[in-house]
Amino acid sequence: MELADILGGACPVRQAGPGDDVDGVMPRVVATPGSTEQTAALLRTCHQHRLAVTTRGRGTRLSWGRPPRRLDVVLETTAMDRLVEHAHGDLIATAQAGLPLADLQAVLAEAGQQLLVDDLVGGGTVGGLVATNACGPRRLVPGAPRDLLIGVTMVRADGTVAKAGGKVVKNVAGYDLGKLLCGSYGTLGVVTEATFRLHPLPEATSWVEADVPMAELAGRVAAVRHSQLVPSALEVDAAPADGDGTAADRARVAVMLAGTAGGVRARTESVRGLLGAGAQQTDPRWPFRLPGDDRTAPRTSQEPADRPVLLRMTAALSAVPELVRHATAASVAVRGSAGVGVLHGRLRGSTDPADVADRVQRLRRWCTAHGGSLVVLDAAPHLKQAVDSWGPVGGLPLMRRVKHEFDPAGVLSPGRFVGGI
Amino acid sequence: MTTQAGHPSDPERQASVLRGADPAAEVQAQREPAGAPASRGTVAQVREDLRGLLPEEAVLTDPARLATYECDGLAAYRVTPGLVVLASRPEHVAATVRACARHRVPFVARGSGTGLSGGALPHADGVLVVTSQLRTLHEVSGEDQRAVVDPGVINLQVSQAATPLGYYFAPDPSSQQICSIGGNVAENSGGAHCLKYGFTTNHVLSLDVVTPDGEQVTLGTRAPDAPGYDLIGAFVGSEGTLGVATRATVRLVRLPEDVRTVLAGFDDTDQAGAATSAIIASGIVPAAIEIMDALAIEAAEAAVQCGYPEGAGAVLLVEVDGPTDEVAHELAEVERICREHAAIELRVATEAADRAAIWKGRKSAFAAVGRISPDYIVQDGVVPRTALGQVLRRMSEISAEQGVRVANVFHAGDGNLHPLVLFDGGTEGETERAENVSGMILDLCIEQGGSITGEHGVGSDKARYMPRMFTDEDLDTMQLVRCAFDPDGIANPGKIYPTPRLCGERPGRHQGAHPLQETGVAEIF
């Protein structure tokens, strides 16, 4: 019996074709359940046959993490693309996993509301947001997706459907499984619906940008951080100097303000004062893009071998300016939130695997010593083989036990996550 | 539900409250929870193991001293612990938990003991690990906006240490003068200002944890986004069922430039509720929005003479904070909306002392109710904010039908109700009626898509209500986390979940991936 026939009773299934690979690993079939029930039926059957499953939304960050050790079925969420509920008076929304974030934001905006997250890659879905916990500049005040997610419906590896949390913003009944699922890369279950707390769209926003000498970066950033202006974002951006081994000598700093028209106007002037001579009110695109991605046209698909080495680097807040300097000296273009302590990096220069691994390792040691971590989010397949994507992980044995409880047969994206999980 | 006796020193009243809650079943649950392995050791064995590992004075066995730990802030439930360990080093916690694990003896962690759901209710055949002597504030950094603290450090001390640097610790439960960070972590504590600033879980970056097998593990990093599963997200709010936190790194928030507090009197809670909805709809996110009804106002006046507007059927308390210009705008909006909703009186406090005076009535409300009723039950249900009006009306109907008085104090901004169900345990049948009304209120919250607890925790008290909110599959899935951390079920057993299943009873538990496969060394096709 063909695999498609075995699974076809659960939901629509087709043979896998070009473009269906997960980081170079081809599945046998692609299944597209249209509901939580169909997802459960599919996973139940997959589990019986010990078929390995990787969940995909629109695939915009599917190559992040490690390639799956084995793969039979790609579970595509795109047929689950409904906004289930938008209770605007309660500032909450429940969406199915396959709903594109941009579509969600468009509906919310009509009611003067937003889900306060940024999709730095663009084109992602609600499920992808939860799976990667990835966000951008405006996390400074409300936090990451894990802080905005208040309820979740998931299907476990064996097809069991479970909910946690709810649709009220304040709730301490039972374990917060939503947080465990945020950033779990689909290795604990398949999220089919997620409920988020929303925020009102501000009446006005503005950005102030300044190009500052590296020597002054720490002072300027600290001045904004320590102000009482409540910025909505505090971003830095720096590219390595041309020659290898030299740190950038300048960096861009951008500060976002949001609130009432009058309040924003006054605070914009205050921030200009803090950022020093040359600070301008601008409308920058770069804080909403990953480093090195200054596209004007939509992103096109890339040959795997051309995929850039994408890093996520974190450090204690006071160490961030120094991290910018260190990273650029290692030929890494950096961009990210100096107010949160999370920067993205794009490795430039040599693509020799040994050299890349060495630079990653040195930079990681620095981040770890300064209260943070370094994760290789993405890289070309031959480079992923050479580098340790995750580095030291506190509590890894516990994480293995959690994985084992949720997915004892190891069928959900095996190998994609930390420690071979 | 939280049953608070007005006379904590009167054992008869306590007993009467307990009767309503079926004490035999409750205590039995503490004694031998479902899921406990048959071969439990004894506290005497644990005590022997600890000789030489802990200072002698850190281990309490004297029955009189043990009895002082028989309850937490929910005094209606009482169980004398088998043994108490006063840990003053993380190693003491680890050694104790290791000994408990060796003999499969239950342990319960306790901070200041202010919890309102019996989360730190001891186990009669178990060890109570008290963390309140672990109270070093290791670091307060304005530069990194972090504080690194022991679990016994008091919540307010963190803010007091950070204030000179211009920062504070945002979670502010009403008990913040005495409750500890370890307890805040266990319960995911909120407070009046969590509407804008979030709960404990949004402010913890790293934790040192003693897991139920006695291992010491560091989770997270000083920076956010540490690699791996968000185990901190699972641990915070797990009510001591996943282990004991021995150190926490928390986020500090910059003090706002300006703070204003508005006190508005209304004819009834309907109008106060409508004003709340209008404020939220206008796009303002206040730092706090609280409502008290007539009965709660009466109690607060009797207790602290807070001078709330005379004749008001409800008061609305709104705090806005942030940059001066934004605060001025939001304040004007709040005042306008309150007037539009027929506020009978409006006061604005700018100075800290005036703000404190407004808050005094609100913060004293629970205790104050003791002045107008011998006993009361504190509820902690949550409803969607837009359902507030409907729920309040239904609650007053229930109150009238059942002949039980209910005072209402609530965090209106996030729909977290704290109904205070008043009764006299000395009068035949009143306790049962009050318990009944309490249960009806929880059902009302669940019907509206809300929660049985917004910030007090499930603990011993509301475990039996969990199946009304969650399916067996939901609860079973939460238990998977429990089994990963605590397969023997020795960490605070009997709390949160009514009938924890045995870990490993699921078929296929040992059918996991082969170790070689799991580590990527080999593949199995």
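Tutor: Before we start, one term: buried means under 20% relative accessible area, exposed means over 50%, and partly exposed is in between. Also, this is a predicted model.

Student: OK. Which residue does E216(A) form a salt bridge with?

Tutor: Its partner is R220(A), and the closest N and O atoms are 2.1 Å apart.

Student: Where do E216(A) and R220(A) sit?

Tutor: They are in helix α7 of chain A, four residues apart, which means a separation of about one helical turn.

Student: Is R220(A) buried or exposed?

Tutor: R220(A) has a relative accessible area of 16%. The cut-off for buried is under 20%, so R220(A) counts as buried. E216(A) is at 35%, which makes E216(A) partly exposed.

Student: How many salt bridges are there over all chains?

Tutor: The count is 54. One of them links R146(A) and D230(B), with the closest N and O atoms 2.8 Å apart. That pair crosses between chains: R146(A) is in helix α5 of chain A, and D230(B) is in the loop between β10 and α9 of chain B. R146(A) and D230(B) are buried.

Student: What else is in helix α5 of chain A?

Tutor: D147(A) is found there, in the helix that covers residues 145–148. At 14% relative accessibility, D147(A) is buried.

Student: What is D147(A) in contact with, leaving aside its neighbours within four places in sequence?

Tutor: The contacts are P142(A), T201(B) and N202(B).

Student: Let's do the interface, then. How many residues does the contact take from chain B and from chain A?

Tutor: Chain B gives 95 residues and chain A gives 83 residues. About 7,100 Å² is buried between the two chains, and carbon and sulfur atoms give 55% of that area.

Student: Which residues in chain B lose the most area to chain A?

Tutor: Those are D225(B), P227(B) and Y229(B), which together account for 12% of what that side buries.

Student: What do the side chains of D225(B) and R139(A) meet in?

Tutor: A salt bridge, at 2.9 Å from N to O. Between chain B and chain A the count is seven salt bridges. As for polar contact, 31 residue pairs are found across the interface, with both residues at pLDDT 80 or more.

Student: Which elements of chain B each supply at least two residues of the side that touches chain A?

Tutor: Among them are β10 (216–220), α12 (324–340) and α18 (472–485). The largest share comes from α18(B), with 11 residues. By type, the side of chain B that touches chain A divides into 38 nonpolar, 32 polar and 25 charged residues.

Student: Change of topic. How many disulfides over all chains?

Tutor: The count is one. C483(B) and C503(B) form a disulfide, with their sulfur atoms 2.0 Å apart. The torsion about the S-S bond is about -85°, so the disulfide is left-handed.

Student: What does the pair of C483(B) and C503(B) tie together?

Tutor: C483(B) is in helix α18 of chain B and C503(B) is in the loop between α18 and α19 of chain B, so the pair ties together parts 20 residues apart in sequence. C483(B) is buried, at a relative accessible area of 3%.

Student: Last one. What is phi of L91(A) near?

Tutor: It is near 55°, a positive value in a residue other than glycine. L91(A) is in the loop between β5 (83–87) and β6 (92–96) of chain A. V230(A) also has a positive phi, near 50°, and its place is in the loop between α7 (214–226) and β13 (233–238) of chain A. L91(A) is buried at 13%, whereas V230(A) is partly exposed at 41%.

Methods. Residues numbered from 1 in each chain as written. Chains lettered and ligands numbered in written order. Predicted model: local features only at pLDDT ≥ 70, side-chain atom pairs only at ≥ 80, totals over all residues. Heavy atoms only, no water. Contact = heavy atoms within 4.5 Å. Buried area = accessible area lost by both parts, 1.4 Å probe. Salt bridge = Lys/Arg side-chain N within 4 Å of Asp/Glu carboxyl O. Polar contact = N/O pair within 3.5 Å; in protein donor to acceptor, adjacent residues only side chain to side chain. Nonpolar A, V, L, I, M, F, W, Y, C, P; charged D, E, K, R; others polar. Disulfide = S-S within 2.5 Å. Buried < 20%, exposed > 50% of the residue type's maximum accessible area, 1.4 Å probe, protein only.
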